[in-house]
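Please look over the sequence and the model below before reading on.

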Amino acid sequence: MTEEREASGDGRERPSTAADRRGRRSGPAPTGDGRGGRSAVREARPARVSLFSRIARFLREVVAELRKVIWPTRKQQVTYTIVVLVFVSFMVALVWLLDLVFAQGVLFLFGT
């Protein structure tokens, strides 16, 4: 099969294993470049910056993210508030009803 592919002129060989087809190596993992365990990621880190510059950067990023937020209109906010209040009222009534039922059940079982 590889002879046919080489004969076709594209010069590529068909991967022999599923791992090769997914782009993974079938051989052992690379051990490093012999620099005593130092990785390229560690060397690519920027130097430590001061606390104040980190806080300033954080605040700038917060403001940038808040500018991306789609804020609700006044009508949407009123609607959401009403929905929340109705739901909370329903849950309070449900808990009150269950408390009343269980209290009556305990009084029935154990008496006064």
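Which element of the chain has the lowest mean pLDDT, and which has the highest? Helix 1, residues 2–8, has the lowest mean at 53, while helix 5 has the highest at 97.

## Model and confidence

The structure is a predicted model. Over the chain, pLDDT averages 81, and 62% of the residues reach a score of at least 70.

## Overall architecture

The chain contains 5 helices and 0 strands. Read from the N terminus, its elements follow the order α-α-α-α-α.

The chain has 112 residues, of which 0% count as buried. Its exposed surface comes to about 11100 Å², and carbon and sulfur atoms contribute 63% of that area.

## Helix 5

Helix 5 covers residues 74–110. With 37 residues at 1.5 Å a residue, helix 5 should span 54 Å. After helix 5 comes glycine 111, which has a positive phi near 75°.

Serine 89 belongs to helix 5. Its side chain reaches the backbone oxygen of leucine 85 at 2.8 Å. Serine 89 counts as partly exposed because its relative accessibility is 47%, which lies between the limits of 20% and 50%.

## A nonpolar surface patch

A nonpolar patch on the surface is formed by Val84, Phe87, Val88, Phe90, Met91, Val92, Leu94, Leu98 and Phe102. Together these residues have about 860 Å² of accessible area.

Methionine 91, one of the patch residues, is found in helix 5.

How many salt bridges does the structure hold? There are 2 of them. One joins arginine 57 and glutamate 61, with their closest N and O atoms 3.0 Å apart. These two residues are 4 residues apart in helix 4, residues 51–68, so about one helical turn separates them. Arginine 57 counts as exposed because its relative accessibility is 52%, whereas glutamate 61, at 40%, counts as partly exposed.

The other salt bridge links glutamate 65 with lysine 68, and here the closest N and O atoms are 3.1 Å apart. Both residues lie in helix 4, 3 residues apart, or about one turn of the helix. An α-helix has 3.6 residues a turn, so residues three or four places apart point the same way. Glutamate 65 counts as partly exposed because its relative accessibility is 45%. Lysine 68 has a relative accessibility of 59% and therefore counts as exposed.

## Summary

The predicted model consists of a chain with 5 helices and 0 strands. Helix 4 carries the pair arginine 57 and glutamate 61 as well as the pair glutamate 65 and lysine 68. Helix 5, which has the highest mean pLDDT among the elements, includes methionine 91 and serine 89.

Definitions and conventions:
Residues are numbered from 1 along each chain as its sequence is written. This is a predicted model: local features need pLDDT of at least 70, side-chain atom pairs count only at pLDDT 80 or more; totals for chains, interfaces and linings use all residues. Side-chain values use heavy atoms; hydrogens and water are left out. Patches are made of residues with over 30% relative accessible area and no salt bridge: like charges are joined within 9 Å, nonpolar side chains (Val, Leu, Ile, Met, Phe, Trp, Tyr) within 5 Å. Accessible areas come from the Shrake-Rupley method with a 1.4 Å probe; for residues, only the protein chains shown count as cover. A salt bridge is a side-chain nitrogen of Lys or Arg within 4 Å of a carboxyl oxygen of Asp or Glu. pLDDT is the predictor's confidence in each residue, from 0 to 100. Buried means under 20% relative accessible area, exposed over 50%, partly exposed in between (1.4 Å probe, protein chains only). The expected span of a helix is 1.5 Å times one less than its number of residues. A polar contact is a pair of N or O atoms within 3.5 Å; within protein, one must be able to donate a hydrogen and the other to accept it, and residues adjacent in sequence count only if both atoms are side-chain atoms.
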